[in-house]
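Hi there,

Here is the structure I promised to pass on.

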Amino acid sequence: MGTSDNDIKFYGVDTDGLELWSRTYGAPGTNEQMEDIIPTSDGNLVIVGSTDNFNTALMAKANLNGDTLWYTEIPSSP
C-alpha cells in the first residue's frame, strides 16, 4: 500500500504562464497544506498553511523571485 506525502509547491510564472521558478515547502513523511497567500505592504508574499500532518502552523515569507525571506512553524498546544 502506498503512502501519501503532500508538500506545498509555490510557482512564479511570467505573463504567458510559463514557469520562472518553483519552491517546495515540506518534509518527507508529513503532509503540508497551504491555506492562503497574502501580499505584504513591502511587495512580498506570506504563505500560510500547516505541516506535521496538519498539527503545526506554517508561515513563510518570500519575495517575488521565490526567495524565502523567513520560515517558521508554530506547534499546536497539547
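A word on naming before anything else: helices (H or I, at least four residues) and strands (E, at least two) are DSSP runs, numbered from the N terminus. With that in hand, F54 lies in the loop between β4 and β5.

Please keep in mind that this is a predicted model, in which local features need pLDDT of at least 70 and side-chain atom pairs count only at pLDDT 80 or more, while totals for chains, interfaces and linings use all residues. Residues are numbered from 1 along each chain as its sequence is written, and side-chain values use heavy atoms, with hydrogens and water left out.

The sheet

Two strands pair if DSSP finds at least two bridges between them. On that basis, four strands form an open sheet in the order β3-β4-β5-β6, with antiparallel pairing. The edges are taken by β3 and β6, each with a single partner strand, so one side of each has no neighbour in the sheet. On average, neighbouring strands here are turned by 15 degrees against each other, direction ignored; the axes behind that angle are lines fitted to C-alpha atoms, for helices over the stretch in contact, and angles run from 0 to 180 degrees between N-to-C directions.

Strand β3 (residues 33-39) runs antiparallel to β4 and is joined to it by six bridges. I37 stands opposite I47 in β4. The two strands form a hairpin with five residues between them, and G43 in the turn has a positive phi of about 85 degrees.

On to the next pair: β4 and β5 are antiparallel as well, over seven bridges. Across this pairing, V48 stands opposite M59, and G49 stands opposite L58. Here the hairpin has four residues between its strands, and D52 in the turn has a positive phi of about 55 degrees.

Buried means under 20% relative accessible area, exposed over 50%, and partly exposed in between (1.4 Å probe, protein chains only). Contact means heavy atoms within 4.5 Å.

Start with T51, in strand β4 (residues 45-51). Six of the seven residues of β4 are buried, and T51 itself is buried, with a relative accessible area of 4%. Not counting residues up to four places away in sequence, T51 touches T30, N31, E32, T56, L58 and E73. With E32 there is also a side-chain to side-chain polar contact of 2.8 Å. (A polar contact is a pair of N or O atoms within 3.5 Å; within protein, one must be able to donate a hydrogen and the other to accept it, and residues adjacent in sequence count only if both atoms are side-chain atoms.)

Back to F54, which is partly exposed at a relative accessible area of 43%. Leaving aside neighbours within four places in sequence, F54 is in contact with N31, E32 and Q33. F54 and S76 are 22 residues apart along the chain, and their C-alpha atoms are separated by 9.3 Å.

G66 is buried, with a relative accessible area of 0%. Neighbours within four places in sequence aside, G66 is in contact with W21 and R23. From F54, G66 is 12 residues away in sequence and 24 Å away in space, C-alpha to C-alpha.

Best wishes
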